[in-house]
Amino acid sequence: MRTRVKICCITSEEALALAVRHGADAIGLVGPMPSGTGIIDLARAKALAAATPPGVASFLLSCATRPDDLVAEARHVAPAVLQIVDAVPAEAYAALRRELPALRIVQALHVCDEAALAEARRLGGLVDALLLDSGAPDAPVRELGGTGRVHDWSISRRIVEAVPVPVFLAGGLRPENVAEAIRTVRPYGVDLCTGLRTAGRLDPDKLGRFMAAVVASA
């Protein structure tokens, strides 16, 4: 089975249709963030989640950290998956499980150094999947995704081997390096945003070449 593909930063029905037509397994809707690419308001995210066809998972990306705020955003948008991009208290996961039992939870983990391995082990028992990204949560303007930067894939591979849940790999992926990324990390899925865009728009040529590289790496 080939590596799953999540196309993030979807902002329009046209981009959604393009991603689906090229075989995306999931799409990402970026809610309000301090920085990043493809940010949309929750009303727009709700409309796009509702338009996502069966068989394709809609992810809402949230930077909220309070349990009540996470539940409220997920309830309003009604995605299949909530992707939490910041660190949250353990009670946030419990609140989401209690209030929205059908919702799947993916926690983003920014792989800055070896400390990510211990954090991944801690989170592995709390969520349905992890997504390894290349943000800078401690920067003056916090980067919680969409940076276009590659992180240390050797740490990501160790995380894949250490945790009991599926792992998505993100951060600086593009058609030219995704096959190497898959060979190195062996993730359940790959996720990207900026690597498929030209002048800020989803590029069908880049998307086609990316999907072909993923299929060839199976």
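Arg75 is partly exposed, with a relative accessible area of 48%. Here buried means under 20% relative accessible area, exposed means over 50%, and partly exposed lies in between (1.4 Å probe, protein chains only). The side chain of Arg75 meets that of Glu99 in a salt bridge of 3.4 Å, N to O. A salt bridge is a side-chain nitrogen of Lys or Arg within 4 Å of a carboxyl oxygen of Asp or Glu. This pair links distant parts of the chain: Arg75 sits in helix H3 (residues 67-77) and Glu99 in helix H4, 24 residues apart. Glu99 counts as partly exposed at 36% relative accessibility.

This is a predicted model, in which local features need pLDDT of at least 70 and side-chain atom pairs count only at pLDDT 80 or more, while totals for chains, interfaces and linings use all residues. Residues are numbered from 1 along each chain as its sequence is written, and side-chain values use heavy atoms, with hydrogens and water left out.

**Barrel**

Eight strands close into a barrel in the order S1-S2-S3-S4-S5-S6-S7-S8, with parallel pairing. Neighbouring strands of this sheet are turned by 25° against each other on average, direction ignored. Helices (H or I, at least four residues) and strands (E, at least two) are DSSP runs, numbered from the N terminus. Two strands pair if DSSP finds at least two bridges between them.

Strand S4 (residues 81-84) and strand S5 (residues 104-110) pair over four bridges. Ile84 stands opposite Gln107 in S5. Helix H4 (residues 90-99) lies across S4 and S5, at about 160° to S5. Axes are lines fitted to C-alpha atoms, for helices over the stretch in contact, and angles run from 0 to 180 degrees between N-to-C directions.

Gln83 belongs to strand S4. Gln83 is buried, at 2% relative accessible area. Its contacts (heavy atoms within 4.5 Å) include Lys6, Phe59 and Val106.

**Salt bridges**

The count comes to 13 salt bridges.

| Pair | N to O distance |
|---|---|
| Lys6 and Asp191 | 2.6 Å |
| Arg75 and Glu99 | 3.4 Å |
| Glu114 and Arg158 | 2.8 Å |

Lys6 lies in strand S1 and Asp191 in strand S8, so their bridge ties together parts 185 residues apart in sequence. Lys6 is buried at 0% relative accessible area. Asp191 is buried at 6%.

Glu114 lies in the loop between S5 and helix H5 (115-123), and Arg158 in helix H6 (residues 153-162), 44 residues apart. Glu114 is partly exposed at 47%, and Arg158 is partly exposed at 37%. Salt bridges that share partners join Arg174, Glu176, Asp205 and Arg209 into one network.

Note on methods. Lists of a residue's contacts leave out its neighbours within four places in sequence.
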